[in-house]
Amino acid sequence: TALPLVVSSDIGLPPAWLPVEAAEGQPTPAFAVSLDPVECPTLDGVGGFIDAVLRKVSEEAFCLSLASEGDKVIDEFRAVERTTKGPPGLAPPYTDAINCVGIPFGGRAAEGSDGPLGGRGAERGVPDLVHSLLPPAAPAHTMRFARRWLLRPPSGAYVDDMRHLLSFLRTMRSPLPQLRPTNVPKMVQYLQTGNANIALLKDIHDCSRSVVASYDTLTAESPEVTEALSRIVAAESGCDVGRMRLQCDAAAEAIDRVLVFGIDKVNGDDHYPLPEAFTQRNESGFIGSVKGDWSKVVEARDALLEAMTREWPAASEAAVVYESSCNTVGLRRRPKEGRSAAFYHPTVGRGRGRGEGTSKYWTTKGVEAAAVRYITACDSAASKARRMLRELCGELTSLLGGLIAASHWCVVLTFAYLHTENSLRRGWAMTHLVEGDKVELSVKGLKPFWMDSPPRGTARVNDFCLGQESPLALITGCNESGKSTFLRSICALALTSNTGLFSPCAEGSAISRLTDVLVMFPRGDRPSDQLSAHALECATLKVVDRDASRPGAKALVVVDEFGRATSPVDGAALTGSQLERFVSAGIACLWATHLQTDVLRVLSPEVVKSIDSWRMRVEEDSLSGDSSHPSRRVTYKIEPGVCSNSMGIYTASQTGLPASMVSRAMQLRRLLADEGTAEQLLGLPKEPAEVDVGQALLAVSSQDHVATLLHLSPDAMPPPVYQASSVVYILALSTCDDAAVREYYVGETENLSQRLEQHRRRFEGSHVISAIDCILARGKGEAQSIEAALIRHLQSSGARLVSTHDGAHRGTAAVRLNGDV
């Protein structure tokens with residue numbers, strides 16, 4: 001069922017048969033089948049192709065030969081095509097959708113794929129949806145069926161069949177028999193080779209009887225339910241279910257004619273003083289298991305008991321020992337009275353692959369001869385029983401199609417029964433599937449699929465509608481308020497509803513019949529593929545956008561915190577652009593983000609009106625917080641509106657970060673909120689101002705320095721007096737990329753010519769010196785004070801400085817600058 005294949009490219013398959021990942025150029029893990037067109041001349045239709053692939057898979061993968069009549073595979077083994085009637089089914093979800101509900105398997109291509117880009121596995125810590133569908137003690141085969149049903153969703157017709165079956169079981173009052181599926185690969189292999197043992201044959205008998213009983217019970221209650229279940233079983237098993245009941249009845253009767261059911265006579269009879277292990281080894285293959293004439297074995301056993309009684313008169317059950325090496329019996333010790341001379345150590349081995357030797361136990365000639373006759377009779381009877389079992393295997397092989405279908409019948413019906421039981425216990429409901437071109441959701445009582453609602457549990461339920469007025473909702477909320485849990489619950493609702501299962505919601509909920517559930521949840525980087533975390537986000541979003549926009553798609557898109565791996569500005573811009581695409585295409589989407597302020601600010605009013613704004617309600621807790629560290633109480637409830645505070649620092653404080661770090665973060669957050677940008681915090685406005693450097697020098701120096709102001713061209717040499725004195729200078733720079741961008745550098749030196757030469761080498765290739773202004777200072781201390789004052793003056797004027805390192809330097813001298821000391 002749903003076996004990925006890699007076939008020769010020259011067969012001419014229609015494009016729709018190719019996996020989605022093949023179009024992306026990614027390798028698709030699959031089972032390779034060498035299907036040569038020369039060997040399959042009848043590939044003119046789908047039927048011929050299925051026959052050829054089925055035969056090749058059976059021969060290469062399972063070493064089986066399919067029964068056939070001429071060139072046509074007989075009905076019992078012919079693959080049953082999944083019907084194309086009715087609405088289309090849900091496309092196999094990518095691994096992002098599977099990971100967000102915790103199913104530990106791969107995505108669309110095969111186990112180990114990760115959506116469009118490969119990878120494997122579910123995220124740790126995410127509850128498994130499959131374990132929530134079934135009771136904790138559910139058999140493993142029902143878990144496997146549930147995973148396959150969700151990973152490879154059926155078409156719409158089978159979804160309706162499953163809905164019909166589950167709805168009927170929820171109100172059914174008649175009991176069902178215990179359903180016992182058989183291991184299909186083991187059954188097929190051992191029946192076809194004639195090596196099925198008694199235990200396997202009894203399992204087949206129990207499975208057949210339980211299928212007949214459950215078939216009759218369901219048919220008496222509702223023939224439509226039996227037909228619905230039969231269609232699901234036919235699609236799962238690939239076998240003809242029309243004759244399944246008759247074939248199961250015939251198989252059970254055939255087994256009844258050969259096997260014994262009831263008390264095991266080998267264990268039940270008392271053969272004192274023969275050890276039980278001795279009779280079990282020799283008689284368990286036929287007496288008490290296979291019906292037949294075993295009188296010769298019984299006579300030989302009685303003769304052995306008579307010889308033991310005659311020649312071992314004082315022997316007790318504790319003294320008689322079973323020697324497995326030579327399959328005989330003996331005495332633990334030689335009797336001291338009576339005919340002790342007649343006892344000897346028998347020879348062991350007797351050509352059984354072991355060397356000849358002497359036993360440590362004791363026997364007599366009469367007992368040994370009787371034991372040999374008994375073992376010979378048992379071997380003859382065992383050979384006869386094996387012939388009967390081989391004949392029975394041959395008879396059952398002709399009924400193999402019905403037996404395979406019967407095992408799948410047990411699996412599907414057991415899953416449906418346990419899933420119904422679990423949904424009643426947990427309060428899950430069957431949603432109404434809405435037809436039409438639009439995607440709509442009207443959900444009541446949605447809860448996390450791994451939690452129970454009160455009074456059994458603590459889950460908070462949510463009611464919401466999507467698609468009636470706007471197909472897109474922007475979900476905001478503070479950290480740990482439940483946004484991701486809400487989105488996971490919606491993914492579980494969409495998957496279970498569109499596969500015909502009960503969903504974690506209340507009665508009266510409705511959801512559109514979808515073709516895709518497309519999910520993008522946060523992930524890390526992938527160094528092996530040279531993809532950063534943001535590049536991986538964008539690659540995944542590309543595939544989501546492609547699949548959601550394809551003709552005829554009815555997709556529900558769920559995105560959680562796209563853009564978290566890049567700058568907030570870029571993330572908001574990309575989010576806004578993608579939301580505009582979804583709104584214009586009418587694609588249903590739930591998008592959770594922390595970038596709501598920038599996103600809503602850049603979108604046009606028309607687009608904003610087309611988006612519903614939801615937020616996770618959070619209530620301030622004044623009792624457990626203060627003004628510097630506000631507390632909160634999350635409600636996990638959705639409501640209209642936009643969250644204005646992500647409360648990331650509060651979440652950090654709850655994780656145990658140092659209190660001093662949290663306090664400092666609160667201070668910096670207030671600065672960021674007041675100033676707006678990091679550039680303003682550093683004194684750098686968005687558009688740097690251009691200043692008159694000469695006037696700036698005079699503004700921070702005293703009147704005595706006016707006469708020393710000197711303007712130099714970029715290549716000029718300063719006068720000697722400026723070479724031997726403390727000088728404060730300012731360089732006017734323009735970048736090589738854009739001459740209109742003006743930057744400044746302020747410094748002080750006692751060798752101006754040498755310092756200018758150093759600056760020319762430093763700025764070569766990045767900046768061009770356009771002007772030099774300098775003044776003389778009375779010593780090193782005054783020069784440093786003027787330098788610091790000039791840097792602060794230029795910062796306040798809005799100029800862009802190459803370096804502000806010396807802006808806090810106060811110098812070593814008290815100088816009068818514009819009247820201030």
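Two strands count as paired if DSSP finds at least two bridges between them. Keep that in mind for the tour of this predicted model.

**The whole protein**

Start with everything on screen in cartoon view. The protein has 27 helices and 22 strands. Of its 821 residues, 47% count as buried. Now think about contacts between residues with a separation of 6 or more: 74% of these involve residues 24 or more positions apart.

**Stop 1: a four-stranded sheet**

Select strands S9, S10, S11 and S13. Together they form an open sheet, ordered S9-S13-S10-S11, with mixed pairing. Which strands sit at the edges? They are S9 (432–434) and S11 (462–466), each of which pairs on one side only. On average, neighbouring strands here are turned by 25° against each other, direction ignored.

Zoom in on S10 (residues 441–446) and S11. These two run antiparallel and are joined by four bridges.

H16 lies across S9, S10, S11 and S13 (510–512), and runs at about 115° to S10.

**Stop 2: a hairpin**

Move to strands S5 (residues 320–323) and S6 (residues 328–331). They pair in the antiparallel sense over four bridges. Valine 320, for instance, has leucine 331 in S6 as its bridge partner. The two strands make a hairpin with four residues between them, and in the turn you'll find asparagine 327, with a positive phi of about 50°.

Now show the side chains of S5. In a regular strand, side chains alternate between the two faces of the sheet. Are the faces of S5 covered or uncovered? Both are covered: Val320 and Tyr322 are buried on one side, and Val321 and Glu323 are buried on the other.

**Stop 3: rings and charges**

The structure holds 13 aromatic pairs. Pick phenylalanine 562 and tryptophan 591: their ring centres are 6.0 Å apart and their planes meet at 80°, so this pair is edge-to-face. The two residues come from distant parts of the chain, 29 residues apart. Phenylalanine 562 is in the loop between strand S15 (555–560) and helix H18 (568–585), while tryptophan 591 belongs to strand S16 (residues 588–592). Both are buried.

For a group of rings, select Phe145, Trp149 and Phe415, which ring pairs link into a cluster.

Select lysine 202 and phenylalanine 261: the charged end of the lysine sits over the ring, 5.7 Å from its centre. Then try lysine 384 with tryptophan 294, where the charged end is over the ring and 5.3 Å from its centre.

**Stop 4: two helices**

Bring up helix H17 (533–549). H17 has 17 residues and reaches 24 Å from its first C-alpha to its last, close to the 24 Å expected at 1.5 Å a residue. How many of its residues are buried? The count is 12 of 17, so H17 is mostly covered. Among the buried ones are His534, Glu537, Asp545 and Asp547.

Now go to helix H27 (residues 780–796). Its 17 residues should span 24 Å at 1.5 Å a residue, and the end C-alpha atoms are 25 Å apart, which agrees. Because 12 of those 17 residues are buried, H27 is largely enclosed by the rest of the structure. Its buried residues include Gly781, Glu782, Ile786, Leu790 and Leu794. After the helix comes glycine 798, with a positive phi near 90°.

**Stop 5**

Most residues other than glycine have a negative phi. Let's visit two with a positive one.

Click glutamine 530. Its phi is positive, about 55°, although this residue is not a glycine. Look for glutamine 530 in the loop between strand S14 (516–520) and H17. Is glutamine 530 buried or exposed? With a relative accessible area of 74%, glutamine 530 is exposed, because the cut-off for exposed is over 50%.

Last, select tyrosine 636, which has a positive phi near 60°. Where is tyrosine 636 found? Tyrosine 636 is in strand S18 (residues 632–640). Its relative accessibility is 39%, so tyrosine 636 counts as partly exposed.

Key. Residues numbered from 1 in each chain as written. Predicted model: local features only at pLDDT ≥ 70, side-chain atom pairs only at ≥ 80, totals over all residues. Heavy atoms only, no water. Axes fitted to C-alpha atoms, helices over the stretch in contact; angles between N-to-C directions. Contact = heavy atoms within 4.5 Å. Phe/Tyr/Trp six-rings, centres within 6.5 Å; stacked < 30°, edge-to-face > 60°. Buried < 20%, exposed > 50% of the residue type's maximum accessible area, 1.4 Å probe, protein only. Lys NZ or Arg CZ within 6 Å of the ring centre and 35° of its normal. Expected span 1.5 Å × (residues − 1).
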